Amino acid sequence: MNVRTFARITLGAALVAEGGMALRRFEARRRGFEAAARRASALGRPLVVVGDPDAGAHTRLVRAYECGDLCIDLRGCPRCQVMQAADLTAGPVPGVADDSAVVFVSCVLEYVDDPASAATELRRMAGSPENLFLVFVEPWSLTASLYPGARWAGGQEGEDITMTPITTTRKLAAAGGLLGLLTLAIRAARR
């Protein structure tokens with residue numbers, strides 16, 4: 001196999017993997033929101049959506065979920081009828097009592113200042129793990145390392161939410177790897 005073919009295959013595989021993960025996240029968001037909405041309806045609880053459904057690059061094009069009965073976001077959610085600007089890390093969200101809601105969170109903990117404080121607040125509102133529906137960016141993906149504002153990568157195992165910092169070294173390594181792949185592909189295309 002020559003360098004040109006190798007570069008094209010490698011770059012193509014990286015793009016397919018990232019695209020596949022974006023589609024997987026979209027589907028996880030859609031399914032998670034639907035499950036949270038069913039649970040909220042069955043329990044007679046409000047559905048609290050944490051994170052503007054239109055804040056991400058992909059979600060501006062096609063919405064995977066709606067705003068629920070209340071949408072909470074640090075900057076607010078302009079398209080939601082019932083929204084509240086709130087910082088999950090600053091203590092109890094006003095108007096949401098302990099153990100009172102079903103909570104759906106999509107790719108938010110990756111961007112907060114203090115994910116442990118945010119997780120505590122999410123658990124407070126939900127009351128139990130069965131009332132908390134979380135979607136994460138895949139921690140190993142380029143998106144996790146390079147998406148603007150991303151500070152943390154992680155996920156959930158059982159009831160445990162684990163987030164690790166995205167260091168400058170990690171960002172540089174991911175950017176360097178991507179730049180290397182692009183350079184190989186461009187050089188190979190010129191041959």
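The lining of the second largest pocket divides by class into eight nonpolar, three polar and four charged residues. Here Ala, Val, Leu, Ile, Met, Phe, Trp, Tyr, Cys and Pro count as nonpolar, Asp, Glu, Lys and Arg as charged, and the others, Gly among them, as polar. The model is predicted: local features need pLDDT of at least 70, side-chain atom pairs count only at pLDDT 80 or more, and totals for chains, interfaces and linings use all residues. Residues are numbered from 1 along each chain as its sequence is written, and side-chain values use heavy atoms, with hydrogens and water left out.

## The pocket

The second largest pocket has 15 lining residues, and Arg24, Ala28, Leu134, Val135 and Phe136 lie nearest its centre. Two or more lining residues come from each of α1 (3–43), β5 (132–135) and β6 (152–157). Helix α1 gives the largest share, five residues. The volume is about 310 Å³.

A pocket is found on a 1 Å grid over the protein atoms alone: it is an open set of points where a 1.4 Å probe fits, with protein on both sides within 12 Å along at least five of seven lines, and lining residues have an atom within 4 Å of a point. Grid points are joined across faces, edges and corners, and the volume is the space filled by probe spheres set on the points.

## Overall build

The protein has four helices and seven strands. Both are DSSP runs numbered from the N terminus: helices are H or I with at least four residues, strands are E with at least two. From the N terminus on, the order is α-β-β-β-β-α-β-α-β-β-α. The C-alpha atoms fill a box of roughly 65 × 30 × 30 Å along the principal axes.

Of the 191 residues, 41% are buried. Buried means under 20% relative accessible area, exposed means over 50%, and partly exposed lies in between, with a 1.4 Å probe and protein chains only. Contact means heavy atoms within 4.5 Å. Among contacts between residues at least 6 apart in sequence, 63% join residues at least 24 apart.

## The sheet

Five strands form an open sheet with parallel pairing, in the order β3-β2-β1-β4-β5. The edge strands are β3 (83–85) and β5, each pairing on one side only. The twist averages 20° from one strand to the next. For such angles, axes are lines fitted to C-alpha atoms, for helices over the stretch in contact, and values run from 0 to 180 degrees between N-to-C directions. Strands pair if DSSP finds at least two bridges between them.

| Strand pair | Sense | Bridges |
|---|---|---|
| β1 and β2 | parallel | three bridges |
| β1 and β4 | parallel | four bridges |
| β4 and β5 | parallel | four bridges |

Strand β1 spans residues 47–50 and is covered on both faces. Leu47 and Val49 are buried on one side, Val48 and Val50 on the other. Valine 48 stands opposite leucine 70 in β2. Valine 48 also stands opposite valine 103 in β4. Valine 50 faces valine 105 of β4 across the pairing.

Both faces of β5 are covered too. Leu132 and Leu134 are buried on one side, Phe133 and Val135 on the other. Valine 135 of β5 is the bridge partner of serine 106. Leu134 and Val135 are also among the residues nearest the centre of the second largest pocket.

Is arginine 124 buried or exposed? Arginine 124 counts as buried because its relative accessibility is 18%. Arginine 124 lies in helix α2 (residues 115–126). Leaving aside neighbours within four places in sequence, its contacts are Pro92, Val93, Val96, Ala97, Asp98 and Asp99.

Proline 94 sits in the loop between β3 and β4. Proline 94 counts as exposed because its relative accessibility is 54%. Proline 94 and glutamine 84 are ten residues apart in sequence and 9.0 Å apart, C-alpha to C-alpha.

Lysine 171 belongs to helix α4 (residues 168–190). At 27% relative accessibility, lysine 171 counts as partly exposed. Beyond neighbours within four places in sequence, lysine 171 contacts Ser145, Leu146, Tyr147, Ala150 and Ile166. Lysine 171 and asparagine 131 are 40 residues apart in sequence and 34 Å apart in space, C-alpha to C-alpha.
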